[in-house]
Amino acid sequence: MDTVIGKFEDVKCIMTLFFKSEKLMLMFLKIVLNIFGHAYTLLFVMVAFVIFRADNLSIAANMRDALKEFGVKADEVVVRVATPSVMLTLDALEEEDAEKLYKMTVTTTEEEIVVMNNQVLQMQIALLFSVSKDLMTVVEDNFQQYEVRHVMAECFSSINPSDSKDRILHAYFYDKMMYVYAFKHGRLLFYNEYEAVSSQDCTFLLLSVYKQLGYSQLKDEIVLEGEVAFKDELKDLLTEF
């Protein structure tokens with residue numbers, strides 16, 4: 001994973017904070033504080049990946065309270081985002097009104113958002129995504145430098161398209177989402193994202209995409225990446241087909 005963290009490049013331990021609730025978050029930070037001491041806690045949080053769900057409307061308040069209670073200060077922070085995304089070519093990104101296009105395409109959020117984009121130069125694409133405006137206010141108020149990344153922009157940034165194989169359907173699981181993509185002749189052929197509700201639903205969706213792309217269930221492959229609770233069950237179901 002390409003992580004730009006300036007003078008903290010040699011930091012080997014990266015803390016992942018998953019703020020499900022204020023109680024859980026504060027409990028977690030207190031445990032780390034007791035084990036490592038204040039100095040090490042600050043060192044860990046200097047390069048923090050803040051993972052959040054789009055439907056968790058209290059995360060900004062949770063994060064603000066935690067930063068205030070523990071007096072956490074850092075020069076940089078990376079905010080890792082898994083909100084709905086819209087893919088564009090880099091040429092289209094220059095021509096389109098990105099914010100208007102995103103809000104017309106993604107209509108599931110009712111909160112105030114900031115529309116951002118990550119560019120993946122080796123694939124000549126950009127991912128539009130949103131971040132809660134309240135959360136961005138907290139980040140801007142507490143960190144001098146910050147970077148916001150979509151999880152799939154990170155995934156695509158780690159891929160060399162020229163090395164990608166044809167007729168392989170990739171399913172990347174992250175935070176109850178399934179991101180499906182495929183390549184052809186070194187170029188992205190297909191990309192879409194779905195809620196990973198159950199192994200049955202994911203099997204139906206993957207086989208539908210497989211048929212749409214004209215892949216053969218006897219010769220071609222499906223590669224499951226990332227983590228999902230029902231991965232073994234999903235493998236068994238796919239094997240039946």
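Reader: What kind of model is it, and what are the ground rules?

Author: It is a predicted model: local features need pLDDT of at least 70, side-chain atom pairs count only at pLDDT 80 or more, and totals for chains, interfaces and linings use all residues. Residues are numbered from 1 along each chain as its sequence is written, and side-chain values use heavy atoms, with hydrogens and water left out.

Reader: Salt bridges, then. How many?

Author: The structure holds six. A salt bridge here is a side-chain nitrogen of Lys or Arg within 4 Å of a carboxyl oxygen of Asp or Glu.

Reader: How far apart are the closest N and O atoms of Lys103 and Glu99?

Author: They are 2.9 Å apart. Both residues lie in helix α5 (residues 98-105), four residues apart, about one turn of the helix. Helices are DSSP runs of H or I with at least four residues, strands are runs of E with at least two, and both are numbered from the N terminus.

Reader: Which residue does Glu112 bridge to?

Author: Lys133, with the closest N and O atoms 3.6 Å apart. That pair links distant parts of the chain, 21 residues apart: Glu112 is in the loop between α5 and β5 (113-120), and Lys133 is in helix α6 (residues 133-142). Glu112 is exposed at 56% relative accessibility, while Lys133 is partly exposed at 36%.

Reader: And Arg167, what is its partner?

Author: Asp220. Their closest N and O atoms are 3.0 Å apart. Arg167 sits in the loop between α7 and β8 (168-174) and Asp220 in the loop between α8 (199-212) and β11 (221-226), so the pair ties together parts 53 residues apart in sequence. Asp220 is buried, with a relative accessible area of 15%. Arg167 is partly exposed at 37%.

Reader: Which residues do shared partners join into one network?

Author: Arg80, Glu147, Arg149 and Glu154.

Reader: New topic: rings. How many aromatic pairs?

Author: Five. Rings of Phe, Tyr and Trp (its six-membered ring) pair if their centres lie within 6.5 Å; planes under 30 degrees apart are stacked, over 60 edge-to-face, and the rest tilted. Phe156 and Tyr181 are edge-to-face, at 5.2 Å centre to centre with 80° between the planes.

Reader: Why does that pair tie parts of the chain together?

Author: Phe156 lies in helix α7 (residues 151-157) and Tyr181 in strand β9 (residues 177-184), so the parts joined are 25 residues apart in sequence. Both residues are buried.

Reader: How are Tyr172 and Tyr179 arranged?

Author: They form a tilted pair, 6.5 Å centre to centre, with 40° between the planes. Tyr172 is buried at 14% relative accessible area, and Tyr179 is buried at 0%. Tyr179 is found in strand β9.

Reader: Which rings make up a cluster?

Author: Ring pairs link Phe156, Tyr181, Phe183 and Tyr191.

Reader: Last one. Where is Glu94?

Author: In helix α4 (residues 90-95). Glu94 counts as exposed because its relative accessibility is 68%.

Definitions and conventions
Buried means under 20% relative accessible area, exposed over 50%, partly exposed in between (1.4 Å probe, protein chains only).
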